[in-house]
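Dear colleague,

I am passing on the structure we spoke about, and would be grateful if you could look through it alongside the notes below.

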Amino acid sequence: MSWATSSPGMAVSKKPEGASAESAAAAPARQKTKIVVVGLGMVGIAFIEKLLKLDAKRREYDVVVIGEEAHLAYNRVGLTSFFQHRKEENLYLNAKDWYSSHDEGALNYHLNTKVTEVKPQEKVVVTSSGENVSYDILVLATGSDAVLPKHTPGHDAKGVFVYRTIEDLQKLIEFSATVKGTTGAVVGGGLLGLEAAKAMMDLEEFQQVKLIERNRWVLSRQLDGEAGGLVVELVRNLGLDVMMSKRIGKIEVDENNAVKGVVFEDGDQMDCTCIMFAIGVKARDELARAAGLTCADRGGGITVDDDLRTSDPNIYAIGECSSWKNQTFGLIAPGIEQADVLAFNFTQAKVHAPRKFKQPDLSTKLKLLGVEVASFGDFFADRDGPKDLPRRHVKKGEKDSGEGRRQSKVQALTDGPPAPAVKALTYKDPFQAVYKKYLFTPDGKYLLGGMMIGDTKDYVKLVPMVKNKKALDIPPSEFIIGASKDGDENADELTDDTQICSCHNVTKGDVAGVVKDGSCKAIGDVKSCTKAGTGCGGCMPLVQSIFNKTMKDMGQEVLNHLCPHFKYSRADLYNIIYVKKLQNLTEVMRECGTDPESLGCEACKPAIGSILASMYNKHVMEKPLHGLQDTNDQYLGNIQRNGTFSVIPRVAAGEISPDKLVVIGTVAKKYGLYTKITGGQRIDMFGAKKQDLLDIWTELVAGGLESGHAYAKSLRTVKSCVGTTWCRFGIGDSVGMAVRLEERYKSIRSPHKMKGGVSGCVRECAEAQNKDFGLIATDKGFNLFVGGNGGATPRHSEILAKDVPPDDVIPILDRYLMFYMRTADKLQRTARWLENLPGGIKYLREVILEDKLGICAELEKQMQDLVGTFFCEWTQVVNDPEKRKAFQQFANTKETVNPAIETVEERGQQRPAYWAKDSALDDFKGTRWSNLTWQPMIEADNFTDAVAGSSRTVLRGDTQLAIFKLKGKYYASQQMCPHRRTFGLSDGLVGESTGPDCGEQKKLWVSCPYHKRNFQLNGEVNFEAKDKGAGSCGNDNTMSIATFAAEERKDGWVYVKLPPVLELDNVLGTKKWAVKASESNDPFESLDKKLKLNKGLRGTKMNGQTIGAMPGTGNMDTRPTVRAAAAPRIDW
């Protein structure tokens, strides 16, 4: 769906109440740039409308517009309708109160005021009243005047008119009443002439109306002879007398200088009392010429460049008064495009490459005297040769022309000129008065243009085919065979971005949008909101069809409960928490849970933690929230397979200064961290011990870095190419946009991780189309894609909106991301969410762009409130003594133990050895200890009474133990998970169930944070059955853990009933179960041997000898090779 057109239903420029009050209040008052617009015509008002919309947030401009006529901006293309209603207001493009509805000073207008002089040196315009109006920027939109042939005798007689303004029509109406029953004549058989002829016929004052055309057919600029001849035949049948190949030599007048007839150049005479000239227009460039601005000699017009700038850097010209590449355009569509370009560049070019005005599309679709007429694309390619062939045909054409140049002159004369690189497919139905001619490349693969008379229903489908230069997937003949359809124009097959109104560049999606959001309840409202149908009116049947179409509501009720503790989906739970303002797990369980006293499980607790974070954004290490977090969030780092953590500072958009690189390098070297550049354009540091995290982050924060939230289900990165910052192909500042997006959404928790990307051009180097949200720069802004991801199930994203101005990107993404956060299932990426969303991308557009649910303002406000709560989680931790306590390795001693996986040196860095092949399948829970005694292990004040539970790790001898406090009771187990021999059970989430196999006792279990093996903590040990009772694994009955009784005593200590130290170490000691490098094979050993590589690297040749890589090149390990050895361990 195109974002470029005016559509109040998509007006993201409207700020939701309270959404940005803080930033607005803090912003200092800035001096506004004053733009003076000379001309209040259709192009002038289009520029003003677009500028005000795009500038609504920044408020950088104040506009003053000076109109020569006494009327507000009106629809000059629809002048003919004035004869029916005779009301000026019906032609107005905006109601009078619209002009006063903007911020104070944003728009001032003056009517019936003529600008008589422009003084570029003084930056002032002078009006006919003598007033001087200063400007910072001057925009000339003076339009054009109707041509009156002053060389023709009698041109100034009474009864001679032109067809240009409301005043022209009013004069014609008054005069026609005085010559009732006579003959009226229109000179000119172009678009304007046929419109004027219809106007004269609609007066019903003249007995006969004649059309005089100097060519052999009408509409000679749009149609070939056969098509033009058919139009002549049709309009004659409607009562218009058409005289072809006639030129007026003289206008005869009576003694009162009133028209009484004409004499043609061939000597023929004709009686008439009224003549209306519609023979063309002339650009109004007299102001510019007098001011010394460069103007075109041939055809007139103010000379402008691709930026629409005149020879004066502060003066621009748009519309029919401008001359671009020695061309002036008499159609409204190119002027509207110029208004688009200029408004965009004034407001958006600071953060995006400026747009350039390019060769406009001159396609037209009109209804003239009841006859449907259309021409599109390169409609004279067969006559004049193709102007813009698809690339493959350009090369072929160039080759052919080169061969032609090598022909001899004699051969060229005998063979004649080469055939044009075009083939025409023509259809003519004299019975239905239908004519179609479509022009194709010789191979029939590309449509170049064409014309249609009588049946123009396929116009809206064919124009995009020409514009996009897309190869056809059907044979050309099908364009004719399947073109004619009965009934009204059907919009069902059109995509939302299909243009249906060429005058104002309105798409199907724009029209549908304002109907669906409720802002337009009548066809007149649609015309007012979108401008569709307010130009030539030829698109109205299609607009009416879209308006009348009933949208089917798609959707079904899905039972998708979060877990057994809640009979709600995540989306339902989100809404309940949001409405009732619930703050913690206790309140949520009490209000929504199946058991109000339950402590939840590993499925629902992180989901609730995420929901609470996405609403209130409190620190996840606060006591009521800490127990809801997975291990990554508990320690603000991704846990790695050897029990260490990753450290990933934020590098927004991949942009980082050398100073910060030095900080990262210094820290990594000091703490022996493995470093790697990621696909998300960040620097990951691996191998940080939990007890070292505080010191590491203290140094990083001091160096100006902050948490990258790589451990959280939140925004990870917004990847970017260099865009216009450096790239010669860039058209958008992808780095600048990516930085702003990452800065806005950093730290926000969501149902799953989110990734973004911004590419500066269609080369797509940032891979934005496989991200949760992605932007690709276009010359009009950015195309915005959503719902993509890589990973195990890749999905290409879908386009949400096209050509979004940079200022409107944030509001759209605010809505999209907040709607996703509200409605997604637990751990559901945007790709799967969009796939499961009833109605898919179409429905998402309705909600996000068209405000179908009426919640867009609330979504924006909620996001603004959320981003306003940002803080760096690691900065708070390093400065909070209470939170720092969580990073002690063992709660009962300051001793530390190295990770229980040996390290291997590889390419100059250390990494953990590969996993052991086998799990530890010993029957730990069935261990028959020689004797058990109560041992004081840890003070009870290390635990909290949080409903989610509390846990600590303790060390006894060489054995690591996990102690849990759940619902006021204590439980203890081994720390090692047998699955991969990892030591982390105390960091796992605790769950509770009341399954049918548990009897009356609720089963409590801990879920290993590595691979989610769930081990039962309570109940009696069943020595006979490995898969039952305390220590059993609920989702893998091949393994178990040892559990021990635990209790708190009056002395304030927690006691655990344990066997002797040596016996315990013999079964569960860290040394015993540490993973050794020798337990696995190097998967690349044979490959390295075959390719003669050293750990994947090859040496460097100097003087013909391989001497190994040079130190510092990064091509090999520059340190001495050592054998993999176990990490130092404490000797108990």
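This is a predicted model: local features need pLDDT of at least 70, side-chain atom pairs count only at pLDDT 80 or more; totals for chains, interfaces and linings use all residues.

Residues are numbered from 1 along each chain as its sequence is written, and side-chain values use heavy atoms, with hydrogens and water left out.

The structure holds zero disulfides, a disulfide being a pair of cysteine sulfur atoms within 2.5 Å. Cys-563 is in none, and the nearest cysteine sulfur, that of Cys-604, is 3.7 Å away. Cys-1033 is likewise in no disulfide, the nearest cysteine sulfur being that of Cys-977 at 7.3 Å. Cys-1033 is buried, with a relative accessible area of 3% (buried is under 20%, exposed over 50%, partly exposed in between, with a 1.4 Å probe and protein chains only).

There are 59 salt bridges, each a side-chain nitrogen of Lys or Arg within 4 Å of a carboxyl oxygen of Asp or Glu. One of them joins Lys-358 to Asp-779, with the closest N and O atoms 3.3 Å apart. Lys-358 lies in the loop between α8 (332-348) and β21 (364-368) and Asp-779 in the loop between β33 (773-778) and β34 (781-786), so the pair ties together parts that are 421 residues apart in sequence; helices (H or I, at least four residues) and strands (E, at least two) are DSSP runs, numbered from the N terminus. Finally, Arg-650, Glu-706, Glu-742, Glu-743 and Lys-746 are linked in a network of salt bridges.
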